[in-house]
Amino acid sequence: MSQHRHPGAPGRAGAVPALPDLPEATVARLPEYLRALHNLADAGHETVSSEGLANAAGVNSAKLRKDLSHLGSYGTRGVGYDVTLLIEQIESVLGLTQCRSVALVGVGNLGHALAGYDGFASRGFRIAALFDADPSRVGEQINGLVVRHVDELPRVAVEESISIGVIATPAPAAQAVADQLVAVGVTSILNFAPCVLSVPEGVDVRKVDLAIELQILSFHEHRKASLTALPGTAGSALTALPGGLAATDTQEAIGT
């Protein structure tokens with residue numbers, strides 16, 4: 001796991017508190033717990049059992065208890081977890097006690113949709129600036145923000161204290177945009193472009209590729225279909241092989 005923190009000296013004004021060294025898998029699940037906890041709080045729940053929270057977050061309770069133990073939160077036997085306290089703990093670890101300013105580069109169909117999404121504010125993020133290289137896009141107003149030319153990124157990044165960059169450009173432009181973001185001091189990037197970015201050490205990149213997610217779902221659909229035996233083939237599901245051939249599970253087992 002790569003966590004680039006700069007803890008301040010004890011007692012120093014503005015020091016960043018030390019954070020637990022969490023496994024990446026745990027970090028990835030904390031936002032799910034937080035979402036579930038906010039839903040529970042909105043419904044008026046003051047406490048929640050590990051089983052109840054695990055069900056709401058879509059994980060098993062043993063995994064949830066282990067994850068939360070990393071935060072020093074173990075709940076109370078017979079009572080469960082204090083919802084408000086656990087929200088505060090997770091938000092503190094995720095750095096959500098301050099609103100983070102985000103720059104979105106690329107306002108095509110996907111970027112336009114992201115720019116218009118109102119849910120970021122309630123999660124601790126503010127879309128502070130929109131950029132595009134297309135002159136026909138520059139000057140367009142989306143959700144109260146005017147699209148600026150990407151050449152203005154260095155100045156605006158300083159003015160708006162940008163801490164996170166979102167890339168929603170076509171793949172050929174993504175690396176250049178990443179380079180620009182890194183050059184202005186952005187060290188966290190969310191990349192929606194279907195490509196792998198090259199960034200310096202110390203820059204964290206999260207990649208969201210919707211086509212890959214669909215391909216994974218396609219695999220599961222393909223597997224489910226292969227398990228539906230055709231008449232007369234019960235117990236010998238066909239397995240596709242390169243070259244258009246097929247082998248039964250029995251043939252594979254004996255190597256014929």
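Some ground rules. The model is predicted: local features need pLDDT of at least 70, side-chain atom pairs count only at pLDDT 80 or more, and totals for chains, interfaces and linings use all residues. Residues are numbered from 1 along each chain as its sequence is written, and side-chain values use heavy atoms, with hydrogens and water left out.

The overview. The protein chain has 10 helices and 11 strands. Those are DSSP runs numbered from the N terminus: helices are H or I with at least four residues, strands are E with at least two. Of the 256 residues, 30% count as buried. Buried means under 20% relative accessible area, exposed means over 50%, and partly exposed is in between, with a 1.4 Å probe and protein chains only. Now contacts, meaning heavy atoms within 4.5 Å. Among those between residues at least 6 apart in sequence, 49% join residues at least 24 apart.

Start with helix α2, residues 50-57. S50, L53, A54 and A57 are buried there. Seen down the α2 axis, these buried residues fall within an arc of 100°, so they line one face of the helix. The arc is taken over the directions from the helix axis to the C-beta atoms. Recall the general point: an α-helix has 3.6 residues a turn, so residues three or four places apart point the same way. What do the buried residues of α2 pack against? The partners are α1 (24-42), β1 (47-48), α3 (61-69), β2 (81-82) and α4 (83-93). Just after α2, G58 takes a positive phi of about 80°.

On to α4. V83, L86, I87, I90 and V93 are buried. Down the α4 axis, they fall within an arc of 135°, so they too line one face of their helix. Their cover includes α1, β1, α2, α3 and β2. At the start of α4, a side-chain oxygen of D82 reaches to within 3.1 Å of the backbone nitrogen of T84. Just after α4, G95 has a positive phi of about 75°.

How do α1 and α4 meet? Their axes come within 10 Å and cross at roughly 145°. Axes here are lines fitted to C-alpha atoms, for helices over the stretch in contact, and angles run from 0 to 180 degrees between N-to-C directions. The crossing is left-handed: the near helix is turned anticlockwise from the far one by less than a right angle, whereas clockwise would be right-handed. On the α1 side, the residues are L30, Y33, L34, L37, H38 and A41. On the α4 side, they are V83, L86, I87, I90, E91 and V93.

Is D67 buried or exposed? Buried, because its relative accessible area is 2%. Its side chain makes a polar contact of 2.6 Å with that of R29, and one of 2.5 Å with that of Y33. A polar contact is a pair of N or O atoms within 3.5 Å; within protein, one must be able to donate a hydrogen and the other to accept it, and residues adjacent in sequence count only if both atoms are side-chain atoms. Leaving out residues up to four places away in sequence, D67 touches T26, R29 and Y33.

Last, the annotated site. The unreviewed UniProt entry marks G106, V107, G108, N109, L110 and G111 as "binding site". UniProt positions are given in the numbering used here, feature names are shortened, and annotations may be inferred rather than shown by experiment. G108 is in the loop between β3 (100-105) and α5 (109-115). G108 counts as partly exposed, at 22% relative accessibility. Beyond its neighbours within four places in sequence, G108 contacts D132 and R137. L110 is in helix α5, and is partly exposed at 33%.
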